Protein chains: 6
Amino acid sequence: DFMKSLDEVRASFGVSEAELKTCVANGIIRFNANVDRILSDGQLFVDQVRNSSRTPLVSVLLHGPSGSGKTALAATIAMASEFPFIKLISPEAMVGYSEASKMTHINKIFNDAYKSPLSVIVVDCIERILDWVPIGPRFSNSVLQTLLVLFKKPPPNDRKLLILATTTNKNVLEQMDFVDAFNTDLYVPNIVDLNSVSKVIEELQLFNQNDLNRSLTILRDGGIGDNLSVGVKKLLMISEMARQDVDKVDKFVSTLIDQGGSR
Amino acid sequence: DFMKSLDEVRASFGVSEAELKTCVANGIIRFNANVDRILSDGQLFVDQVRNSSRTPLVSVLLHGPSGSGKTALAATIAMASEFPFIKLISPEAMVGYSEASKMTHINKIFNDAYKSPLSVIVVDCIERILDWVPIGPRFSNSVLQTLLVLFKKPPPNDRKLLILATTTNKNVLEQMDFVDAFNTDLYVPNIVDLNSVSKVIEELQLFNQNDLNRSLTILRDGGIGDNLSVGVKKLLMISEMARQDVDKVDKFVSTLIDQGGSR
Amino acid sequence: DFMKSLDEVRASFGVSEAELKTCVANGIIRFNANVDRILSDGQLFVDQVRNSSRTPLVSVLLHGPSGSGKTALAATIAMASEFPFIKLISPEAMVGYSEASKMTHINKIFNDAYKSPLSVIVVDCIERILDWVPIGPRFSNSVLQTLLVLFKKPPPNDRKLLILATTTNKNVLEQMDFVDAFNTDLYVPNIVDLNSVSKVIEELQLFNQNDLNRSLTILRDGGIGDNLSVGVKKLLMISEMARQDVDKVDKFVSTLIDQGGSR
Amino acid sequence: DFMKSLDEVRASFGVSEAELKTCVANGIIRFNANVDRILSDGQLFVDQVRNSSRTPLVSVLLHGPSGSGKTALAATIAMASEFPFIKLISPEAMVGYSEASKMTHINKIFNDAYKSPLSVIVVDCIERILDWVPIGPRFSNSVLQTLLVLFKKPPPNDRKLLILATTTNKNVLEQMDFVDAFNTDLYVPNIVDLNSVSKVIEELQLFNQNDLNRSLTILRDGGIGDNLSVGVKKLLMISEMARQDVDKVDKFVSTLIDQGGSR
Amino acid sequence: DFMKSLDEVRASFGVSEAELKTCVANGIIRFNANVDRILSDGQLFVDQVRNSSRTPLVSVLLHGPSGSGKTALAATIAMASEFPFIKLISPEAMVGYSEASKMTHINKIFNDAYKSPLSVIVVDCIERILDWVPIGPRFSNSVLQTLLVLFKKPPPNDRKLLILATTTNKNVLEQMDFVDAFNTDLYVPNIVDLNSVSKVIEELQLFNQNDLNRSLTILRDGGIGDNLSVGVKKLLMISEMARQDVDKVDKFVSTLIDQGGSR
Amino acid sequence: DFMKSLDEVRASFGVSEAELKTCVANGIIRFNANVDRILSDGQLFVDQVRNSSRTPLVSVLLHGPSGSGKTALAATIAMASEFPFIKLISPEAMVGYSEASKMTHINKIFNDAYKSPLSVIVVDCIERILDWVPIGPRFSNSVLQTLLVLFKKPPPNDRKLLILATTTNKNVLEQMDFVDAFNTDLYVPNIVDLNSVSKVIEELQLFNQNDLNRSLTILRDGGIGDNLSVGVKKLLMISEMARQDVDKVDKFVSTLIDQGGSR
Ligand SMILES: Nc1ncnc2c1ncn2[C@@H]1O[C@H](COP(=O)(O)OP(=O)(O)OP(=O)(O)O)[C@@H](O)[C@H]1O
Ligand SMILES: Nc1ncnc2c1ncn2[C@@H]1O[C@H](COP(=O)(O)OP(=O)(O)OP(=O)(O)O)[C@@H](O)[C@H]1O
Ligand SMILES: Nc1ncnc2c1ncn2[C@@H]1O[C@H](COP(=O)(O)OP(=O)(O)OP(=O)(O)O)[C@@H](O)[C@H]1O
Ligand SMILES: Nc1ncnc2c1ncn2[C@@H]1O[C@H](COP(=O)(O)OP(=O)(O)OP(=O)(O)O)[C@@H](O)[C@H]1O
Ligand SMILES: Nc1ncnc2c1ncn2[C@@H]1O[C@H](COP(=O)(O)OP(=O)(O)OP(=O)(O)O)[C@@H](O)[C@H]1O
Ligand SMILES: Nc1ncnc2c1ncn2[C@@H]1O[C@H](COP(=O)(O)OP(=O)(O)OP(=O)(O)O)[C@@H](O)[C@H]1O
Ligand SMILES: [Mg+2]
Ligand SMILES: [Mg+2]
Ligand SMILES: [Mg+2]
Ligand SMILES: [Mg+2]
Ligand SMILES: [Mg+2]
Ligand SMILES: [Mg+2]
């Protein structure tokens, strides 16, 4: 498996493109202005890292409810930077790791980044990387401390680093004094208006025009629009469930009311 | 034991049929409409995994009181899928395992699943897999974190996976932020009406028609029907205990009142 | 020590008779109707396991106050079954074991049982096997989880198993969700009437008729009968202490009032 | 060191006389009736173990305030039995032991006892053997569980065992369900009257008759007699401190008032 | 890599200049009188260590809010001492270390210092070195105890040592009885007046005179001056962010109001 | 390093003079009557150990506020005994030790002491030896238990031992039932009167007579005398800080008011 080990070498330096693309499996649908604002703010941080010599390290926290699109947006900003080193630190890559192995894995990626003049590291789902669970509560303090230090440690001479991290649990990070370690943050909201729902559904080609109108009418008449709050990820799942059903409109509308009405 | 080791190889890939059949040792008695609804909803998720390219991973939580039939139903849905890879992750198979061994065992089954184009994994009795005990409370956080990540990790390119998990402790899973990791859930209720009891008893051939009527009359007259709540598994046990007694009707009725009247 | 290792082999399969007989060192005195009821209920469970194909596993919890005779009764029911495999899992046999060794020891006995068509396992004093202590509280969760799974795991094809467990701490087991793992339970009460005391004393030949009458009169006149509550095991100890004294009647009566009057 | 290792062999079987004598370094002063009562009760338990075939195991807890003489009395009862096996289990012999080593050490002494037809084991200062500390609280549960089982485990066929244990913390043992493991207990009180103080001082030859009278008068006049409570061990220490001083009477009286007046 | 290992040798003895310079990457801007006072107090402690034979060990705690300049000031005082041994103990150098490795690393630096007649050790960000997290709370007690002892242990004969430590969490150190281990402390405040802001901005050449005046006017008119509180480190970050924007004045002013107005 | 290893041998037996002298680096200033009383009480315990055959073990706790001179006084009493074995157990000598190593180190020193006819062991700063921290609270229970047993274990035949221990946290030791393990205690107070301050300053030759008078006047006029409470160790530190300043009187007076006025 010469080719495979070659890929691993390539993957461990430079850009882990495949992984990052998986994070945006269903693309970025520009369903409202928030999406554009987040992407352009992300671009600004990329520029600061590239240009300012006084701040060679910039760290940003993307936070918001479960399934609101944080990972996909962070991956998109990272790939758009076109920096020579773009890496993902994710819980999926560390399944079954001991605390020590996690620390080594994370540390290695940062040390690799320090060798490139310009780097982005995406740290996805911090609470999962920390083995966080509210009962106890419990988490890996040694992994937490590793991140706390690495997020503030300036890269060596002339090297520059942008850190993009995601979480659904900003208030837990606050209790850990972790939010202080970030230079700034970006809020990624849920979808809360029927216009955005409509844009997403159109893009997915779930309905014909007639069915689309019918479902929007039902939702609007049911007053769902007033307390709608659903992540784009869940909206995608609901659409695909509905697609299997004989009565797609009914399945879509009823499931959205069940699961997306708890603003 | 060449044959035995061959079986083990076979069992570790593909379908673990023997184990799954054991879960349905006393068959599925269609004693009311709930049973049919759960089975057909299960079929819908099987279809979504088979058909939708946008949602290659679907995870479902079957929850309900102790002995309500969760494991038998999950096993039945899984076997009905006829997917090339159908596997059971159960506490029975991990008796005496260390946390690390559990993580390895679970991880291996998921990795095997990722090699098949279409897979179902039944994860039975999550709270027991997590070594959950309310005193403390205590549980294995490393096994929990492994499951939390694996339940959200998309299978690689073109592979598809359905996860069916069971629990009697949904509210504990909620406290662990575990319920968020599921795309949807199915409730498996206890038997709460005498009609269903009657159907089950007939199927088990515990009584002749006369005795059946007599016991239903006693139960109805005693008002048991109003606060009956008994799992199909316990109803089976009570029937078999009664079968040993000289006065079967009396034993059956008195035990059911003792143990099944605490709705 | 060929003979000794042979004995160990014999002991680890089949029936551990010596150990079980030690549990009934002072015989079973049939001092009141409870004793008979418990023994005949036990016989019924033995029959169910032997006869029903639908319930190859039946588990029973004998619970009651300290010294009420739980272990002796469980051992008696087990020996009366005359099943080919009858085994005792007791804290005495695991003194000084690590958690892992306990798990292995317990697991081995269950696996041995699965090789016999008909088996009884007596699990004595569950709270001690679990290293339970109320301060903390603390206990071995890994041993608990092992028991929780083994008590619900059906034996393989055509094998049948009866589990008889004892505890003085049913409410602790309830807090551990352990009571749910049993199919049924049997209460073993203390001695609470002077008739039973009299029957036991007669059997032990502690007094001549005159002394017996005298002590019962003193106890009755002192009103002890109204709040008497003493385990048969403690009653035996009090009798033997009294036997050493010059004034046996006085020693017996005063000690019984001191130690057996706290119903 | 052949002789030394021989001594160790001898010491590990049979009687550990030297150690037990150290426990009674200053003899037993019969300063009041309690002392005699405790010694004769002790004799009764020795007899029961020797004579009764129904109770081959008897366990006794000596409890009372710090320095009241528990260890000296337990050692004296044990030596007076003249059983062929008399052993001391004490925290001093296990300084620096790991939990596992403690368990092995304790277990070995019990197993050695089981080889002798008649044995006494003195278990001194249980709370210290358990590494008890009220902050937390903390203690070694594995050592506790070892003792809990060994204190109830009947010796094998025809062997008999008396266990004499001491503690200053009976209420802690109660919280551990440990007191239930004893068949009976003996209370060893502090000295609370000036008569006993006088008897002890005379025995120690601290004062001439004149000084003795003078100090008793001062104490009596100061009303100390009404709330005196001092262990015989502390009284010995105070006497020896006073012995160094130029004004022995003053030093003795003032120290006794300082340290022994907190009944 | 002979040269590299030579550097490491040099670095591990004597002065770790590179690391200390990194701590003052953006220089020391003398924006108000506090800055001068802290530096001259620091000089006084340097003198005391150099001159007094009675106090060969002096330890100072620099504390203040996040980003107020503690590390830069401690490093500056240390470098100004021109002692032959000047070392930094920082969390960055111990990323991923086990507790034992941390203890060894810290201990080694102190032992090296004891070999030099005059030494300064900067211990940066104590709470991070201790793996402190408020949830639990948790920290490494073994590292804490190592520091507690080393901070009070006098250097050997004729050796002298100045310890400069920094923290943002003085009240946590107080709860640990750590503050008692220091001989004295120095408070490093945030910037709370617009004059200091103006001096910093001028130094950074962010604006032309016109823009500077405009932003100060906006801030003053908005009343920000009354509850301003911003660390010099954050002020630097805000300036560099603003520098990327098309409307620098607006970006600077709005970000400062967002993030620096929470006095 | 033959000489060095020889020194180590010498140091590990007999008297560890160098270490003990370091504890009294600035001598004992007899600034008031307390100092004399503590030293003469110490002498009395030395005599008791030498003379009484009934109390071969005497243990004394020196307690008082931080810096009041406990260690220096304990070391002075120990050295004055001129016993053949005088040893210091201190946290400084165990920096970075594991719990097990600490236990071994402590145990060894006691065992060495048992080989000498007359021994003193100084156990300095018990709370630090125990790794005590109030957050949690946490401490090493195994080291605590080792000390608890060794502090009560009588030395073997004809050997005698004096234990002098110091602490600033007597109330913590009380919560650990540790104070019971001592035969007696000595309180070492802070300096609370200006006379003692004056005596110390004179001894240190900080001021000329004029400056001394001036500073005492300022302090007296400021009413500091009424709530002064400062350890001799801190007073030494304040004096040496003042010595560096141009205006010694002002620095001394202001620092003493700042740091010594919190009685
Ligand atoms: N505008 C959008 N923003 C983000 N994701 C989008 C958008 N449009 C479509 N998507 C798709 O929606 C999905 C968003 O899922 P993603 O994993 O990023 O959510 P998340 O907030 O990280 O979820 P979780 O809270 O579970 O981590 C992706 O599949 C992505 O391709
Ligand atoms: N309609 C039915 N649904 C489920 N099980 C049924 C049904 N009819 C009969 N059974 C039988 O009832 C038993 C149900 O037991 P099962 O182990 O599935 O319950 P469970 O809810 O998983 O119990 P537990 O809470 O103990 O895990 C099985 O033996 C199954 O064969
Ligand atoms: N009717 C009886 N039932 C039970 N035991 C009896 C009876 N008659 C006599 N015995 C004797 O009484 C003793 C009962 O002790 P056993 O150990 O069974 O009590 P236990 O409830 O298990 O005690 P523990 O709570 O300490 O575990 C045995 O020695 C047994 O031989
Ligand atoms: N009547 C007596 N009873 C007990 N001990 C006595 C008596 N007369 C003299 N002594 C002496 O008093 C001392 C009692 O100390 P002992 O160690 O037995 O007390 P203790 O209660 O075990 O103390 P601790 O609570 O510290 O364990 C021994 O030295 C013993 O020789
Ligand atoms: N007067 C000043 N005092 C301190 N730092 C200054 C000053 N002027 C400019 N700086 C620069 O400001 C930055 C201060 O950052 P520094 O890391 O010292 O802050 P800190 O308080 O240690 O932060 P943290 O709380 O994150 O540890 C440094 O880059 C330093 O060069
Ligand atoms: N009368 C005195 N008593 C004690 N120490 C004195 C006295 N006079 C001068 N000293 C000096 O004062 C210092 C006292 O410090 P020491 O370490 O003994 O205090 P401590 O109470 O043990 O402090 P800590 O609470 O930090 O352990 C020593 O340097 C000692 O030489
Ligand atoms: Mg995400
Ligand atoms: Mg189940
Ligand atoms: Mg029992
Ligand atoms: Mg004792
Ligand atoms: Mg800093
Ligand atoms: Mg000290």
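I began at ligand 2 and found a polar side-chain atom of C:K152 at 2.6 Å from one of the ligand's oxygen atoms. The model is predicted, with local features needing pLDDT of at least 70 and side-chain atom pairs pLDDT 80 or more, while totals for chains, interfaces and linings use all residues. Residues are numbered from 1 along each chain as its sequence is written, chains are lettered from A and ligands numbered from 1 in the order written, and side-chain values use heavy atoms, without hydrogens and water.

I then looked up the backbone partners. A polar backbone atom of B:G27 is 2.7 Å from an oxygen atom of ligand 2, and a backbone N or O atom of B:S68 lies 3.0 Å from an oxygen atom of ligand 2.

I noted that the site is shared between chains, because residues from chains B and C surround ligand 2. The shell holds 21 residues (a heavy atom within 4 Å of the ligand).

Next I turned to chains B and A. The contact (heavy atoms within 4.5 Å) takes 32 residues from chain B and 27 residues from chain A. The two chains bury about 2,500 Å² between them, 58% of it on carbon and sulfur atoms (accessible area, 1.4 Å probe, lost on being put together, summed over both). B:R54, B:Q145 and B:V149 supply 24% of the area that chain B buries there, more than any other three residues.

I counted one salt bridge between these chains (a side-chain nitrogen of Lys or Arg within 4 Å of a carboxyl oxygen of Asp or Glu). B:R54 pairs with A:E240 in a salt bridge, the closest N and O atoms being 3.8 Å apart.

Notes:
Polar contact = N/O pair within 3.5 Å; in protein donor to acceptor, adjacent residues only side chain to side chain.
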